[in-house]
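These are my notebook entries on one structure. I record what I looked up, topic by topic.

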Amino acid sequence: MIQTPQTLAALVLLAAATLVISGCEGGKKKPSAPANTTGGATEETPKAEEAPAKEEEKKEAAAAPADTPATTPPAAEAKADAPKTSGKVMLGSSDLVAGIPGSGPLKVEEIKAWLEDPKNHEPLDFELPMGLATGAGQIKGVDKNPLTRAKIELGRQLYFDPRLSSDFSVSCATCHDPEEGFAKHTQFGVGLKGQTGGRNSPVSYNRILSDKQFWDGRAGSLEEQAVGPIQNPIEMGNTHEACMKCLEGIPGYKLQFDKIFGRMDIEAVGEAIASFERTLVTAPAPFDYYERLRAFEKLDKEDIDADPDLKAKYEEAVAGAKEHPMSESAKRGHALYYSEKASCSACHVGANLSDEKYHNLGVGMDKEKPDIGREEISKDAKEKGAFKTPTIRNVAKSAPYMHDGSQKTLEEVVEWYAKGGHPNPSLDEKIKKLDLSDQDKKDLVAFMIEGCSSDFPKIERGRLPE
Ligand code: HEC
Ligand code: HEC
């Protein structure tokens, strides 16, 4: 995170509870058992409850049975954990992030053997799990930085390695922890020597569908974002030069950078971490299965029975919804979410339930010196206090909420919307007082908890080079 006046002002020193190893002497010092054990639709806004034109219905339901966000290619309907379908690699499969086979710290011989296998250097032809797959058009950056197994694996190591920080105490996973919804259950990110900034750690998954990074979108790519925290004084407190010197002294890293990139620089660090992050995607959620089934339910039962291919897909949809059920309350919440009445989908829309735009909900605007958010970057006064719409996928796993971590529960968030946010001159025009009953509020929360939760890939977090 690049400093903003706000984060500097909020620089607070807490007692250093982190395990500190100073200096970096080549590979001699081993990382402390990661002290860090705690890490949209673009313009084509999908229309909510619209039935496809009659004659097109059958074809669409077969190819793309999802009544909310656009189309799901049939190939993308495979389970997120099935590593391969039709020769393509499924992002989100644990197989990509399981680490180099074996156990314990990574030995040089193991790394050499891994790097010798040409398969690990082939650019991957990949696809996204059902639900996210409709957002494939939003993917940016993989043309310049193709995904390979070796690069993803190097990125995995770097993501969990506290040796990227100046005192070996902080890694990316310190603030974007897989166990804490790839975020952190503290109000603000807690970095080097317990220092905090003024913003809550956002999630580091489904970033492949997000172009600009940070709450204010100041990083133009994942690659650019990934190298920022290393030299942020309150996050990892290092310099890029010192970080590279340290990595160069670790033979296992040197081997990998040389073979994968033919160079060892901070840009390569960014490319490897970005590649790892692009594989962190959410599996299909109950609402994805629900929407797929509902698309079929709009069809004539006779038409389905008459077409064996369609029938098989329908049966698959029935089985999927049964295996990933939503309660009646969550189903009502789903309808509300996409309705005019609650209009959550005015912003949380598209495959990743984010429009990737910036809005002011009035969060923190009652402060004497509010965080101006996007205005700092765009220099547009209309964007004062506007922040990037976060995803709702798996949101139940990453409390607290909002850019300043000021809201502790999803109930609190819904109350915020119900009262129309906090009045201020740049309040988004889509934020208005909502007429929601207590049951409506419960239903919205049930939709977010039950409907939007799904599995993450299982990631090897140890296995770092000796
Ligand atoms: C000390 C805690 C901390 C550490 C360490 C940290 N981050 Fe972050 N990260 C944050 C905070 C806080 C933000 C939001 C800052 C902002 O928007 O101004 C953020 C933002 C991000 C984002 C943008 C997400 C989005 O929705 O736009 C990504 C991606 C990310 N971090 C990845 C990483 C990676 C990769 C590393 C390691 C190289 C890392 N972070 C290290 C706290 C941390
Ligand atoms: C005008 C666009 C807009 C609308 C409408 C909207 N949101 Fe948001 N939502 C945002 C933005 C922007 C943020 C982050 C704001 C901030 O941090 O200051 C956010 C934050 C959230 C968060 C916190 C997520 C996190 O990771 O911190 C949740 C949950 C949420 N919204 C749910 C909803 C629900 C439920 C509705 C409908 C009742 C809704 N939103 C309507 C734009 C919107």
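Which residues does tyrosine 314 touch, not counting residues up to four places away in sequence? I noted Phe296 and Ile304, where contact requires C-beta atoms, placed from the backbone, within 7 Å.

Conventions. I worked on a predicted model, in which local features need pLDDT of at least 70, side-chain atom pairs count only at pLDDT 80 or more, and totals for chains, interfaces and linings use all residues. Residues are numbered from 1 along each chain as its sequence is written, while chains are lettered from A and ligands numbered from 1 in the order in which they are written.

Tyrosine 314. I located tyrosine 314 in helix H12, residues 308–323; helices are DSSP runs (H or I, at least four residues), numbered from the N terminus. Tyrosine 314 has 24 other C-beta atoms within 10 Å and is therefore buried (20 or more count as buried, 12 or fewer as exposed, and anything in between as partly exposed). I also looked up lysine 301, which is 13 residues from tyrosine 314 in sequence and 10.0 Å from it in space, C-alpha to C-alpha.

Helix pair. I found that the axes of H4 (residues 149–160) and H9 (residues 266–278) come within 7 Å and cross at roughly 100°. The axes are lines fitted to C-alpha atoms over the stretch in contact, with angles from 0 to 180 degrees between N-to-C directions. H4 and H9 are therefore roughly perpendicular, the term for angles of 65 to 115 degrees. Contributors to the contact include Lys151, Leu154 and Arg156 of H4, and Glu271, Ser275 and Phe276 of H9.

Cores. I recorded 54 residues in the largest nonpolar core, where Leu158, Tyr159, Ala272, Ile273 and Val281 touch the most other members. Such a core is a set of buried Ala, Val, Leu, Ile, Met, Phe, Trp, Tyr and Cys residues joined through C-beta atoms within 7 Å. Another core lies apart from it, with 33 residues, among them Phe287, Ile304, Tyr314 and Leu336.

Valine 281. Leaving out residues up to four places away in sequence, I listed the partners of valine 281, including Leu91, Leu128, Tyr205 and Ile208.

Ligand 1. I counted 26 residues around ligand 1, of which Cys172, Cys175, Gly189, Gly191 and Pro229 come nearest; a residue is near when its C-beta atom, placed from the backbone, lies within 6 Å. Helices H5 (172–175) and H6 (222–227) each supply at least two residues of this shell, and H5 gives the most, with 3 residues.

How values were computed:
Parallel < 35°, antiparallel > 145°, perpendicular 65-115°, else oblique. Contact = placed C-beta atoms within 7 Å.
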